[in-house]
Amino acid sequence: MEKKQHELLDLATYAFNKPRSKAREEAFEKLLSFSKSYSYWENDKLSSMIIDTSFRVYWKEDKLKMSGIGYVASYPEFRGNGSIRKLMTDILEDNYEAGTALSYLAPFSYQFYGQFGYHYAFDQKAYTVPAQEFPKGKKTVGQVQRRAVSEELFEDMAEVHDHVYNQGSLVRPKHVWEYYFEYKSQPYFATYEENGRVLGYLIYEFAGTAFIIRECITLTQEAKAALYRFVSSHAASFEVIKWTAPSNVFLEYDLAEPSRTQLHLQPYMQARIVNLQAFLKVNGQPTFSARIVDDILPQNNICVGPETDDPEEMTIGAFTARVLRENNAILREYF
């Protein structure tokens, strides 16, 4: 790892109170292989950093360029020096020039990132189900098998993932699967196969007395029933089954006694449109009229939607959130 990368990792581990380890070094180096780091230095000392990762997201019948903002960190002695504002502005200006349509981030403060044009845009549904109450599923003609990490597993999961409703969610190329499941996280995997085709998969972990569903995606009712049966077969060993799912999951409708389950709708990531023209090129004009105000990227200060004498004034963030919600966008990424 290069000297600069070491210094960035030192700041990240300090700011987020993470222990330094060889595994963390390797994961960080892998992340930087497909991301761009932005750093601010004072008197040759690293002050602040942000990592911008280029993704694509499903939108309409296309895939849009998206900037994923992460590792926003400063050493405490430098906080308040304006470095994060400068770095965020640099990132947004660079992405505008690159034609990046959207940017997402997981905020520590929604108000803080609001000053950069981001707005609360996605929800998650957090389920806590008594283990014996989880849907029992049923035996089907296909088979569920536990799988080890491999290139074939990633290909099978990618095939399933690419065929479900994903509007607003990340496209997952090979390097993304590899990063999260070879470097970042080591969960368990199971797939459902029928007539030689994988039709569903489950990513899960154990945490004390809780069985944690990280992701469960199925293409057929039979695949869902089989994977539910696989999960419920663990009920004797766990007290609860937890699942933090995207907002379009309705596990509650599959429960015999839904009132015995805890279900919380919780705010998730923020989003903003970066290059408004690039977004509109794929999305088309909105159904409502708005005059956009973007304090960071004044190039976006245009009127959109049907022509009217009195368009509603909207920040770029508020406009982003409204368009995403009106188009039923979801974000299924737990990582």
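Strands β3 (residues 62-74) and β4 pair in the parallel sense over four bridges; strands are DSSP runs (E, at least two residues), helices are DSSP runs (H or I, at least four), both numbered from the N terminus, and two strands pair if DSSP finds at least two bridges between them. This is a predicted model, in which local features need pLDDT of at least 70 and side-chain atom pairs count only at pLDDT 80 or more, while totals for chains, interfaces and linings use all residues. Residues are numbered from 1 along each chain as its sequence is written, and side-chain values use heavy atoms, with hydrogens and water left out.

**Strand β4 and its partners**

- Ser103 in β4 is the bridge partner of Ser67.
- On its other pairing, β4 joins strand β13 (residues 270-273) in the antiparallel sense over four bridges, with Leu105 opposite Gln270.
- Leu102 and Tyr104 point one way from β4 (residues 102-105), Ser103 and Leu105 point the other way, and all are buried (under 20% relative accessible area, with exposed over 50% and partly exposed in between; 1.4 Å probe, protein chains only).

**Aromatic rings**

- The whole structure holds 30 aromatic pairs (ring centres of Phe, Tyr and Trp, the last by its six-membered ring, within 6.5 Å; planes under 30 degrees apart are stacked, over 60 edge-to-face, the rest tilted).
- Trp177 and Phe181 form a tilted pair, 6.0 Å centre to centre with 35° between the planes.
- Both Trp177 and Phe181 are buried.
- Because Trp177 and Phe181 are four residues apart in helix α6 (residues 174-184), about one helical turn separates them.
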